[in-house]
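The following exercises concern a single protein chain. Please work through each task before reading its solution.

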Amino acid sequence: MAIFGAVFGVAILVFGFVNANKSGGFIWLWLIAGVAIIGFNLWAAFSKNGATEVISRKE
């Protein structure tokens, strides 16, 4: 699911770049959101425990 989310983030970036001249300043927020979605989903997919919240306890 995280890989699908990253692919969706790429689609958001492509849409943002294609419509960059039409939407003005909002496009930067759109592109930043796309990068954040990609980064978060790839981190969740390939992190040590495969989750977005990693809790490690040393006993």
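**Exercise 1.** Determine how much accessible surface the chain has and what share of it belongs to carbon and sulfur atoms.

Solution. In this predicted model, the accessible surface of the chain comes to about 4800 Å². Carbon and sulfur atoms account for 70% of that area. Turning to burial, 25% of the 59 residues in the chain are buried.

**Exercise 2.** State which secondary structure elements the chain contains, and what percentage of contacts between residues at least 6 apart in sequence join residues at least 24 apart.

Solution. The chain has two helices and zero strands. Of the contacts between residues at least 6 apart in sequence, 49% join residues at least 24 apart.

**Exercise 3.** Identify the residues that make the nonpolar surface patch and assign the patch to helices.

Solution. Ile-3, Val-7, Leu-42 and Phe-46 make a patch of about 390 Å². At least two of its residues come from each of helix H1 (2–18) and helix H2 (26–46). Val-7 lies in helix H1. With a relative accessible area of 52%, Val-7 is exposed, because the class begins over 50%.

**Exercise 4.** Classify the geometry of the aromatic pair formed by Phe-40 and Trp-43.

Solution. The count of aromatic pairs is one. In this pair, Phe-40 and Trp-43 lie 6.1 Å apart centre to centre, with 50 degrees between the planes. Planes under 30 degrees apart would be stacked and those over 60 edge-to-face, so the pair is tilted. Phe-40 and Trp-43 are three residues apart in helix H2, which means a separation of about one helical turn.

Key. Residues are numbered from 1 along each chain as its sequence is written. This is a predicted model: local features need pLDDT of at least 70, side-chain atom pairs count only at pLDDT 80 or more; totals for chains, interfaces and linings use all residues. Side-chain values use heavy atoms; hydrogens and water are left out. Patches are made of residues with over 30% relative accessible area and no salt bridge: like charges are joined within 9 Å, nonpolar side chains (Val, Leu, Ile, Met, Phe, Trp, Tyr) within 5 Å. Accessible areas come from the Shrake-Rupley method with a 1.4 Å probe; for residues, only the protein chains shown count as cover. A salt bridge is a side-chain nitrogen of Lys or Arg within 4 Å of a carboxyl oxygen of Asp or Glu. Helices (H or I, at least four residues) and strands (E, at least two) are DSSP runs, numbered from the N terminus. Buried means under 20% relative accessible area, exposed over 50%, partly exposed in between (1.4 Å probe, protein chains only). Rings of Phe, Tyr and Trp (its six-membered ring) pair if their centres lie within 6.5 Å; planes under 30 degrees apart count as stacked, over 60 as edge-to-face and the rest as tilted. Contact means heavy atoms within 4.5 Å.
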